[in-house]
Amino acid sequence: QVQLVESGGGLVQPGGSLRLSCAGSGSIFSFSVMGWYRQAPGKHRELVARITSGTSTNYADSVKGRFTISRDNAKNTVYLQMNSLKPEDTAVYYCNAGLLRGTTQYNYWGQGTQGTVSS
């Protein structure tokens with residue numbers, strides 16, 4: 001079965017950086033879209049960034065200029081480089097991937113990785 005496994009979370013001081021990775025497995029086909037969502041305590045899950053197989057990207061306004069999403073299609077892996085981190089970036093970050101088979105779209109989620117920004 002398809003699985004997404006995140007890594008790279010941790011504790012960092014304001015202004016620091018984290019690099020998240022998400023490795024997909026179990027799929028014969030490349031994911032059409034991969035992205036990152038996050039959920040902070042008391043808030044809904046929100047889109048952070050996404051990238052298509054053609055490398056087109058989309059970012060939430062709150063992270064533009066600070067975060068960079070990229071992917072390695074050969075490895076079905078997506079990355080999120082997070083720079084200039086702020087305390088409000090503290091959240092559980094979830095990897096998401098979409099797979100289109102014919103006219104059916106499948107959506108997968110990782111278990112999440114905690115990113116904490118604190119002094």
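Select Gly-35: at 2% relative accessibility, Gly-35 counts as buried. Buried means under 20% relative accessible area, exposed over 50%, and partly exposed in between, with a 1.4 Å probe and protein chains only. The model is predicted: local features need pLDDT of at least 70, side-chain atom pairs count only at pLDDT 80 or more, and totals for chains, interfaces and linings use all residues. Residues are numbered from 1 along each chain as its sequence is written, and side-chain values use heavy atoms, with hydrogens and water left out.

**Stop 1: around Gly-35**

Stay on Gly-35. It sits in strand 4, residues 33–39. Strands here are DSSP runs (E, at least two residues), and helices are runs of H or I with at least four residues; both are numbered from the N terminus. Now show the contacts, meaning heavy atoms within 4.5 Å. Leaving out residues up to four places away in sequence, Gly-35 touches Ala-49, Arg-50, Ile-69, Tyr-94, Cys-95 and Asn-96. Next, draw a distance from Gly-35 to Gly-98. Their C-alpha atoms are separated by 8.8 Å, though the two residues are 63 apart along the chain.

**Stop 2: the disulfide**

One of those contacts leads onward: select Cys-95, a residue that Gly-35 touches. Which residue is its disulfide partner? Cys-22 is, with the two sulfur atoms 2.0 Å apart. A disulfide is counted when a pair of cysteine sulfur atoms lies within 2.5 Å. The structure holds one disulfide. Cys-22 belongs to strand 3 (residues 18–25) and Cys-95 to strand 9 (residues 91–101), so the pair ties together parts that are 73 residues apart in sequence. The torsion about the S-S bond is about -85°, so this disulfide is left-handed. Colour by accessibility: Cys-22 is buried at 0%, and Cys-95 is buried at 0%.

**Stop 3**

Go back to strand 4 and select Arg-38. Its side chain meets that of Glu-46 in a salt bridge (2.9 Å, N to O). The criterion is a side-chain nitrogen of Lys or Arg within 4 Å of a carboxyl oxygen of Asp or Glu. Is Glu-46 buried or partly exposed? Glu-46 is partly exposed, with a relative accessible area of 22%. Arg-38 is buried, at 6%.

Arg-38, Glu-46, Arg-66 and Asp-89 are linked in a network of salt bridges. Then jump to Asp-61 and Lys-64, whose side chains meet in a salt bridge (3.0 Å, N to O). Asp-61 counts as exposed, at 64% relative accessibility. The structure holds four salt bridges.

**Stop 4**

Switch to cartoon view. Strand 4 and strand 5 (residues 46–52) run antiparallel, joined by six bridges. Two strands pair if DSSP finds at least two bridges between them. Select Trp-36: its bridge partner in strand 5 is Ala-49. Strands 4 and 5 form a hairpin with six residues between them, and Gly-42 in the turn has a positive phi of about 80°.

Keep Ala-49 selected. Its bridge partner in strand 6 is Tyr-59. Strand 5 and strand 6 (residues 57–59) run antiparallel, with three bridges between them. Their hairpin has four residues between the strands, and Thr-55 takes a positive phi near 75°.

**Stop 5**

Strands 7 and 8 pair antiparallel over six bridges. Pick Thr-68: its bridge partner in strand 8 is Gln-81.

**Last stop: the whole chain**

Zoom out. The protein has zero helices and eleven strands. Along its principal axes, the C-alpha trace spans about 45 × 25 × 25 Å. Of the 119 residues, 41% count as buried. Among contacts with a separation of 6 or more, 54% come from residues 24 or more positions apart.
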